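Here is a friendly note to read alongside the structure. Keep the 3D view open and look up each residue as you reach it.

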Amino acid sequence: KTLRPWFNTKTANTLDFNINRANGCYVYDKNDNPIMDFTSGLMVTNLGHNNSIINARMKQEIDNGLLYFPPSVLSEERETLSDNLIKLSPHVDGKVFYTNGGADANESAVYFAKRHFKELPKKNRILRFDKSFHGGSSYISSYLGGDSRRNEKQSHYKFELNTDIMLPNPSLRDNGKRSIEMIERIFQNQHNSIAAIMIEGSSGTAGCYVYPYGYYNKLEKMARDHNILVIVDEVMSGFGRTGKMFAYEHYNGTPDIITLAKGLTNGCVPMGAAIISSKLAKDYEETPVNNGLTYSGHPLACVAANVCLHLYTDELLEQVRKNGDTIRGYLNYMAMNYPQLIKEYRGMGQLYCVEFYDDNVAYIQKALMDKNVYTFFRDNNLYIAPPLIISDAELVHTLEKLDSVCMFANSHM
């Protein structure tokens, strides 16, 4: 009786299975068979399922009884979370705005960016990258995306979504030179109408494209030179997923707005957030924030998030970087040995994808499921994004399952 996102109700899904419980890196079906969650659900449960430390603190808050109060009222737990998030950002005097998830965090970022230029009403465009995805819940988050999922929203809202420019993704082949040159021309000719650009901290469902060395820094400088804000979407790439707390830290970036969700609460309670710089925060010293949600900064979500932030330790992030080396080593071996099957692989830390030729990815995912490994795929990309807490043995064992599936598929082509 449930309408599931991105699925129809008629076609049987070959991966239908009922989840009974979960623990660590595994979910368990109704027969209590362990299934490796090799993409942390949808890159959400960074700290693993059924985390006892998070659970204990959430149970304490439930027993305390404060499970809802209007977000306009001050809350010590929420203020503590805001302090913690600001300390992790480059904005010492910035502010945090809370939402229900990643899509509305990005929508709020658009509001803050456009509001900042209210005295320049023509400076209201938000440019984004081809194939990017910034949420699919409503018109504006779909509009921000650069992939095909926005097309139906265009029809529904009777509004042309293809009127604005999609920024070209960088290529490692030319170190992003063509992309930078094209974007620079756009900025030079159109900066008076552009409020901000939105870029993922590290590419996610677009295909885990890695930014060439120095690319992000050039992009950020060009934006600054043309009075254009930079919004970095860390919904998927944040909270240790790439081996840094936030992916923009790989480039020593200083974005004007940072959007968050997913790993913020480890998926225990829905929550998103937008961190804005002090420059943007000044817009609201006397003017109210005409943007809000009933569950903004939900008490239980704030509790979960504060616990999670303490669990994203330097030691864990170091392990993620080591795990990234392991993943890359295995994928490099597979790409060399199964060239008819694998087009290429991309990623960093524990956020990788393998791009397959033709429609092989559906077979690969089904074959992995037969080996009790769940993975997410989109288009021809199979994603590898296990919980950050995965052990060396679990990681290697699962990668070897992927290798055996690819070996079999390659031999029967």
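Before we start, one term: a contact here means heavy atoms within 4.5 Å. Please also keep in mind that this is a predicted model.

1. **Two helices side by side.** On the α7 side you will find Ser-179, Ile-180, Ile-183, Glu-184 and Phe-187, and their partners in α8 are Tyr-215, Lys-218, Leu-219, Met-222 and Ala-223. Sorted by class, seven of the residues in this contact are nonpolar, one is polar and two are charged.

2. **How the pair is arranged.** Two packed helices are described by the angle between their axes and by the distance between those axes. For α7 (residues 177-190) and α8 (residues 215-225), the angle is about 10° and the axes lie 11 Å apart. Angles under 35 degrees count as roughly parallel, so α7 is roughly parallel to α8.

3. **Charged pairs.** Side chains of opposite charge can pair when their charged atoms come close. How many salt bridges does the structure hold? There are 14 of them, and the next points visit some.

4. **A pair in helix α11.** The side chains of Glu-318 and Arg-321 form a salt bridge, with 2.8 Å from N to O. Both residues sit in α11 (residues 314-337), and because they are three residues apart, about one helical turn separates them. Glu-318 is partly exposed, with 33% relative accessibility, and Arg-321 is partly exposed too, at 32%.

5. **A pair in helix α12.** Lys-366 and Asp-370 are joined by a salt bridge whose closest N and O atoms are 3.1 Å apart. These two residues are four positions apart in α12 (residues 360-370), which is about one turn of the helix. Lys-366 is partly exposed, at 32% relative accessibility, while Asp-370 has a relative accessible area of 56% and is exposed.

6. **A buried pair.** Are Arg-346 and Glu-355 buried or exposed? Buried means under 20% relative accessible area, so Arg-346, at 8%, counts as buried, and Glu-355, at 14%, is buried as well. The two form a salt bridge, and their closest N and O atoms are 2.8 Å apart.

7. **A linked group.** Which residues are linked in a network of salt bridges? They are Glu-220, Arg-224, Asp-256 and Lys-279.

Terms used: Residues numbered from 1 in each chain as written. Predicted model: local features only at pLDDT ≥ 70, side-chain atom pairs only at ≥ 80, totals over all residues. Heavy atoms only, no water. Salt bridge = Lys/Arg side-chain N within 4 Å of Asp/Glu carboxyl O. Buried < 20%, exposed > 50% of the residue type's maximum accessible area, 1.4 Å probe, protein only. Axes fitted to C-alpha atoms, helices over the stretch in contact; angles between N-to-C directions. Parallel < 35°, antiparallel > 145°, perpendicular 65-115°, else oblique. Nonpolar A, V, L, I, M, F, W, Y, C, P; charged D, E, K, R; others polar.
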